[in-house]
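Have the viewer open as you go.

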Amino acid sequence: MTERSCEAIQSVLVDYVDRELSAHDSQAVAQHLAGCSACRENASSLERSLVLTRAIWLDNLRGSKVAPAAVAARGSAIHRLRRVAVAACILITGGLFLFFPIRQSAEQPLTYGQIEQHVTRAAAAARLLAATRILATCEGTKAAVEQQCRYILSNYPDTRAASELQADASSLLKGASYD
Amino acid sequence: METVRANLERHAQVTDAQPSEPCLLTVFLREYDRLRRIAAGSGMAGSDIDDVLQDVSIQVLKHSGKFEQENEVMRWLIRITINRCLSEHRRRFRRRIPRILRRRPELQMALTAGTPDTADQAAMIEELEIIRRAMADMDPSLLKMLVLRYFSDLDSTRIGEMLGLNASTVRGRLREARMILAGKLVRRGIEP
């Protein structure tokens, strides 16, 4: 590479700062930079911008999740409820896995389908139990509450809702009354 | 996420029994840190990165056994990670949560720690914000090149293979992206 114009230098400047040019070309660029302050500033900016970019990336990698306060304050009640519902689902599902670990041998890990099926069943049972509890607070619903309890215990015996119901059925039926 | 990763590792040990095809899960676990960097470089942060990789891991489980070559697997993994990040950006844009512009005082403090001069510190913080904004405004096709090259340590040829481009196109886009970032600093009149 012989003496080059600034325009020609710009086209190889990125390769130069990344040290991807041959020794010969590198030397030619270095010679140009020694006598040209504008190109020197560009080369410096290229290096500096990459350092800052990497710092931002690394910060993203390390940074913990912080909810933006301004946005949270603006959020509607529906959004807040949605967040609470999602958190409750996660807690219930996590609890289910803690209390009812699915027995699998080390040779047969869970498939995605099995996990999905277990979560779906647990959620269905929890919904039914919640509805039954609401039903029990109304008058003249004892027969229906009993039927609901039997249904949950027979169809979802392996769920957290069923074990809660076994422990709590008598108080649930006490609250309900016959017509 | 570590629990999910551990479970996937256990799953991989079993499914690895068929040596004829590249196990998607094995490649995913091997490239896990690279994918994490891609997500971080694409503007995700902290537990958002874990959320992205959680989704990717579900896709991995769903598509297990569908690929014949390892290169194909890598390309697919990188593509779905980037796409997942982009869709997250779009979702945030709609909800007006500019997370990529998030300012963390810890980063500013770390960068200015070795600079006692207050004016220099202010200039550094300003530069940081210029670059942050430039990255937020950058075309995703350029940003992903930057991330893959300078944060995931893939060379131009490999990036080309991953994205279905030739190496010279990749180099051209990398140059363009670098010049955009550097140009922002020069044009603001800040001495580098």
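1. Aromatic pairs come to two over all chains. Keep in mind that this is a predicted model. One of them is Trp57(A) with Phe151(B), a tilted pair with 5.1 Å centre to centre and 35 degrees between the planes. Since Trp57(A) sits in helix H3 (residues 37-62) of chain A and Phe151(B) in the loop between helix H8 (140-150) and H9 of chain B, this pair joins two chains. Both Trp57(A) and Phe151(B) are buried.

2. Then have a look at Phe28(B) and Tyr32(B): the ring centres are 5.8 Å apart and the planes stand at 85 degrees, over the 60 needed, so this pair counts as edge-to-face. Phe28(B) is buried at 0% relative accessible area, and Tyr32(B) is buried too, at 2%.

3. Which arginines sit over the ring of Tyr150(B)? Arg149(B) puts its charged end over that ring, 5.1 Å from the centre. Arg178(B) lies over the face of Tyr150(B) as well, at 4.9 Å from the ring centre.

4. Ser156(B) belongs to helix H9 (residues 156-163) of chain B. Its relative accessibility is 8%, under the 20% cut-off, so Ser156(B) counts as buried. Leaving out residues up to four places away in sequence, Ser156(B) touches Ala167(B), Val170(B), Arg171(B) and Leu174(B).

5. Over in chain A, is Ala123(A) buried, partly exposed or exposed? With 30% relative accessibility, Ala123(A) is partly exposed. You'll find Ala123(A) in helix H6 (residues 112-136). Its C-alpha is 9.0 Å from that of Thr159(A), 36 residues apart along the chain.

Note on methods: Residues are numbered from 1 along each chain as its sequence is written. Chains are lettered from A and ligands numbered from 1 in the order in which they are written. This is a predicted model: local features need pLDDT of at least 70, side-chain atom pairs count only at pLDDT 80 or more; totals for chains, interfaces and linings use all residues. Side-chain values use heavy atoms; hydrogens and water are left out. Helices (H or I, at least four residues) and strands (E, at least two) are DSSP runs, numbered from the N terminus. Buried means under 20% relative accessible area, exposed over 50%, partly exposed in between (1.4 Å probe, protein chains only). Contact means heavy atoms within 4.5 Å. Rings of Phe, Tyr and Trp (its six-membered ring) pair if their centres lie within 6.5 Å; planes under 30 degrees apart count as stacked, over 60 as edge-to-face and the rest as tilted. A charge sits over a ring if NZ of Lys or CZ of Arg is within 6 Å of the ring centre and within 35 degrees of the ring normal.
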